[in-house]
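Please consult the sequence and the structure shown below while reading.

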Amino acid sequence: MSRGPADRGEAVPQTDPELFHVDQDAVAADATTRADGATATLDRSAHLAGAQTALLRCDELVAGYVPGVNILNGCDLFVNEGELVGIIGPNGAGKSTLLKAMFGLVTVRGGKVTLRGEDITGLKAHALVRKGVGFVPQTENVFPSLTIEENLQMGVYQDPRRFRERFEFVAGLFPALADRRRQRAGSLSGGERQMVAMGRALMMEPSVIFLDEPSAGLSPALQDEVFIRVRHINRAGVSVVMVEQNARRCLQICDRGYVLDQGRNAYTASGADLANDPKVVELYLGTLAKAR
Ligand code: ADP
Ligand code: MG
């Protein structure tokens, strides 16, 4: 199998600049201005209608790191039971911040996160894991000095008795992990580590998992492998919210997608409709899309 720069330990750019060329004038022209002066690019009515029976939703989420600076400026998102939802958008749009805000890792300053009708805004990560929410961060998502098996044990530390049963489930999805359970995670390739990280997040039997750029830094062949695995996870009954820099590939596999730009929803539709929307292609899928 050909190995990419990440596998050789070289630095890889997170995003192809060509892929996410943003024409700010076009974004502004497409925006509508709300009475309060805030700019929104999306009518909320479709969100409000669609999110009614959602498993998880966030409404008008405002969040940031530094006092007085909001990174999310009113994000809406929902995921239905069994859905695979993708989030794409330029670097710095706030995609990771959105996942972290939903997972209690960034302070939410406004808006709401709801799981099965229960307000979970601001709950801490361990409480969310208990409620069936899983999160795989983009980086540092495994314990390198621990074995694969120990990493998976960490996933179930709140309820260690479940280890055996859940290990079976994860091994069913990722047989290679079971075969190599005594190997240290630090000695694995990038693609294998990603499987360990996803496996760990699946140990508490989540109903929904958030994945932050699972294919980042992997060779094309391993990226494909990751996308296939994500679909398997989803087909096994786990709802998925996936942030991806590999936008076109993400839209190919997701049921619905969101384009995030400057902390706001820019577009949302089915993955196929987004991938074929001329504006989305022009603004967010760039020259690579035209060369297709
Ligand atoms: P994306 O995932 O879409 O590339 P991020 O959510 O990582 O974007 O970042 C959105 C913005 O938030 C960027 O301007 C980034 O500099 C800022 N940001 C991200 N993480 C932090 C942090 N820990 N502290 C302060 N600012 C941050
Ligand atoms: Mg990010």
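## Overall model and confidence

The structure is a predicted model. Its protein chain contains 12 helices and 12 strands. Of the 292 residues in the chain, 43% are buried. Among contacts between residues at least 6 apart in sequence, 69% join residues at least 24 apart.

The mean pLDDT of the protein chain is 86, and 84% of the residues reach 70 or more. Residues 1-41 have a pLDDT below 50, and this stretch makes 60 contacts in the model beyond near neighbours in sequence. For residues 288-292 the pLDDT is also below 50; beyond near neighbours in sequence, residues 288-292 have four contacts in the model.

One sheet is open and consists of four strands in the order 4-3-6-7, paired in the antiparallel sense. Its edges are formed by strand 4 (72-79) and strand 7 (118-119); each has a single partner strand, so one side of each is left without a neighbour in the sheet. Helix 3 (residues 95-102) packs on this sheet and touches strand 3 (56-63), strand 4 and strand 6. The direction of helix 3 makes about 115° with that of strand 3.

Within the sheet, strand 3 is joined to strand 4 by six bridges in an antiparallel arrangement, and Leu56 lies opposite Val79 of strand 4. Strand 3 is likewise joined to strand 6 by six bridges, again antiparallel; here Leu56 faces Leu115 of strand 6. Strand 6 (residues 108-115) pairs in turn with strand 7 through two antiparallel bridges, where Leu115 stands opposite Glu118.

Strand 5 (residues 84-88) is mostly covered, with five of its five residues buried. Leu84, Gly86 and Ile88 point one way from the strand, whereas Val85 and Ile87 point the other way. Residues on both sides of strand 5 are buried.

Two parallel pairings involve this strand. Four bridges connect strand 5 with strand 10 (residues 239-243) in the parallel sense, and strand 5 also runs parallel to strand 11 (residues 256-261), to which four bridges join it. Ile87 takes part in both pairings: its bridge partner is Val243 in strand 10 and Tyr258 in strand 11.

## Helix 3

How many of the eight residues of helix 3 are buried? Eight of the eight are buried, so helix 3 is largely enclosed by the rest of the structure. The buried residues are Lys95, Ser96, Thr97, Leu98, Leu99, Lys100, Ala101 and Met102. Helix 3 is followed by Gly104, which has a positive phi near 75°.

## Surroundings of ligand 1

Ligand 1 is surrounded by Tyr65, Val66, Ile71, Gly89, Asn91, Gly92, Ala93, Gly94, Lys95, Ser96 and Thr97. By class, this shell comprises four nonpolar residues, six polar residues and one charged residue.

The shell and helix 3 share residues. Lys95, Ser96 and Thr97 belong to the surroundings of ligand 1, and these three residues are buried in helix 3.

Definitions and conventions. Residues are numbered from 1 along each chain as its sequence is written. Chains are lettered from A and ligands numbered from 1 in the order in which they are written. This is a predicted model: local features need pLDDT of at least 70, side-chain atom pairs count only at pLDDT 80 or more; totals for chains, interfaces and linings use all residues. Two strands pair if DSSP finds at least two bridges between them. Two residues are in contact if their C-beta atoms, placed from the backbone, lie within 7 Å. Axes are lines fitted to C-alpha atoms, for helices over the stretch in contact, and angles run from 0 to 180 degrees between N-to-C directions. pLDDT is the predictor's confidence in each residue, from 0 to 100. A residue is near a molecule or strand if its C-beta atom, placed from the backbone, lies within 6 Å of it. Ala, Val, Leu, Ile, Met, Phe, Trp, Tyr, Cys and Pro count as nonpolar, Asp, Glu, Lys and Arg as charged, and the others, Gly among them, as polar. A residue is buried if 20 or more other C-beta atoms lie within 10 Å of its own, exposed if 12 or fewer, and partly exposed in between; C-beta atoms are placed from the backbone.
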